Amino acid sequence: RSAQEMKHMENISSLLQGSSPGEYQRLDPKLEREAIAAPGEQPWEMIMDKKHFKLWRRPIEGTHLYQYRVFGSYTDVTPRQFFNVQLDTEYRKKWDSLVIKLDVIERDLATGSEVIHWVTHFPYPMYSRDYVYVRRYSVDKENNLMVLVSRAVEHPSVPEDPEYVRVRTYESQMVIRPHKTFDENGFDYLLTYSDNPQTVFPRYCVSWMVSSGMPDFLEKLHTAALKAKKMEIEVRDYMSAKPIESGGSEGKASMAAAEHKSDGTCSPAQLEYA
C-alpha cells in the first residue's frame, strides 16, 4: 500500500514541480486537496509548504487526531545513506538529542522485522513518551523503491514504566524513490505518519507540536545522512543484509542470542558498512 501511495504522488508530481529539481509550486488549495487524496479518500489539508517538501494532514475518523503526510526531495545525499541512517538505532542515539532510550528488543531472522523500544523526550511540562513498535523494511531493486514501515505493538519484554507515558497508537510509512540509483545523489520520499501521544492538551496544540516537530526531525535526519556520507561515522548497510531463510520457531531470536558479534556480524544477516 505504501508503494502504491508513492506511485499516486508521482502521478501528480507534474502538478507540484517547480522551476528547478526538488522544488514544488503552490496549487489552488481545492485542486491540491483533490489531487493528493486517492479516489474515495478523505482530502488532505496542506499545513506547510517549504522549498523542498510539503506537509499535509487530515483528521482520523472517530478520533481527535490527525494523520500527516510529507512529500519531499533531497539532491545532496544518496537513497542508501538516507535509508540506512533511519534504520541504524546506534547512530540515532548520537544524532537525535531527544532519544532517551532506543533498543532492538527482538528480531525475526526470517523477515528481518525488529521490535524496537524507543523512549523520547516531549516538550516541557509533559512526561517523556515510550513506544514499543515493530518495523519492517524492503528494498525493491527491480522497481527502484525502498520502503520502511512501523506500527505499535505489545511485547512481554517491555512492560509499562511509570516514569513514561506509553504510546499505544503509532504508525509510520516511509517510501524512498531514487532519482537514478540507490548509490547516486537524489531521491523523492513520502512519509505518512500518525500517533496518539495521549496528551491532555487541545487538538490544535498537539497538531502544532507534531507539524513543527516533523520538519525538525527530517532536517536532523538529513544532516545525519550527510555526515555519514562524509564518512564521519560508520552506518550499517541494511541494503546488503540478506535474511536467513528459516521458518517456524527457528525464525525468531531474542536479542540475547542476536547480539552484535565481535567479528562485526549481526543477525538476521551479515551487515556491511557504508
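**View A. The structure holds 15 aromatic pairs.** Rings of Phe, Tyr and Trp (its six-membered ring) pair if their centres lie within 6.5 Å; planes under 30 degrees apart count as stacked, over 60 as edge-to-face and the rest as tilted. In one of these pairs, Tyr74 and Tyr189 are stacked, with 5.7 Å centre to centre and 15° between the planes. Tyr74 belongs to strand E3 (residues 66-74) and Tyr189 to strand E10 (residues 187-195), so the pair ties together parts that are 115 residues apart in sequence. Helices (H or I, at least four residues) and strands (E, at least two) are DSSP runs, numbered from the N terminus. Both Tyr74 and Tyr189 are buried; buried means under 20% relative accessible area, exposed over 50%, and partly exposed in between (1.4 Å probe, protein chains only).

This is a predicted model, in which local features need pLDDT of at least 70 and side-chain atom pairs count only at pLDDT 80 or more, while totals for chains, interfaces and linings use all residues. Residues are numbered from 1 along each chain as its sequence is written, and side-chain values use heavy atoms, with hydrogens and water left out.

**View B. Tyr170 and Tyr193 form an edge-to-face aromatic pair.** Their ring centres are 5.8 Å apart, and the angle between the planes is 70°. Tyr170 lies in strand E9 (residues 170-178) and Tyr193 in strand E10, so this pair ties together parts that are 23 residues apart in sequence. Tyr170 counts as buried because its relative accessibility is 9%. Tyr193 has 16% relative accessibility and therefore also counts as buried. Tyr170 and Tyr193 belong to a cluster linked by ring pairs, together with Trp118, Tyr131 and Tyr133.

**View C. The charged end of Arg57 sits over the ring of Tyr66.** The distance from the charged end of Arg57 to the ring centre of Tyr66 is 4.2 Å. A charge sits over a ring if NZ of Lys or CZ of Arg is within 6 Å of the ring centre and within 35 degrees of the ring normal. Arg129 lies over the face of Phe122, at 4.9 Å from the ring centre.

**View D. Strand E7 (residues 145-152) pairs with strand E6 (residues 129-140) and with strand E9.** Two strands pair if DSSP finds at least two bridges between them. Eight bridges join E6 and E7, which pair in the antiparallel sense. The two strands form a hairpin with four residues between them, and Asn144 in the turn has a positive phi of about 55°. E7 and E9 also run antiparallel, over six bridges. Leu148 in E7 stands opposite Tyr137, and Leu148 also stands opposite Met174 in E9. Six of the eight residues of E7 are buried, so the strand is mostly covered.

**View E. Arg166 forms a salt bridge with Asp130.** The closest N and O atoms of Arg166 and Asp130 are 2.9 Å apart. Arg166 lies in strand E8 (residues 165-167) and Asp130 in strand E6, so the pair ties together parts that are 36 residues apart in sequence. Arg166 and Asp130 are both buried. A salt bridge is a side-chain nitrogen of Lys or Arg within 4 Å of a carboxyl oxygen of Asp or Glu. The structure holds 14 salt bridges. Elsewhere, salt bridges link Arg1, Glu5 and Arg69 in a network.

**View F. Arg168 meets Glu154 and Glu160 in salt bridges.** The N to O distance is 2.3 Å for Glu154 and Arg168, and 2.3 Å for Glu160 and Arg168. Glu154 lies in the loop between E7 and E8 and Arg168 in the loop between E8 and E9, so this pair ties together parts that are 14 residues apart in sequence. Glu154 counts as exposed because its relative accessibility is 57%. Arg168 is partly exposed, with a relative accessible area of 38%.

**View G. Arg80 lies in helix H4 (residues 79-87).** Its relative accessibility is 16%, so Arg80 counts as buried. The side chain of Arg80 makes a polar contact with the side chain of Asp183, at 2.5 Å. A polar contact is a pair of N or O atoms within 3.5 Å; within protein, one must be able to donate a hydrogen and the other to accept it, and residues adjacent in sequence count only if both atoms are side-chain atoms. H4 is mostly covered, with nine of its nine residues buried. Among them are Phe82, Phe83, Val85 and Leu87, as well as Gln81, Asn84 and Gln86.
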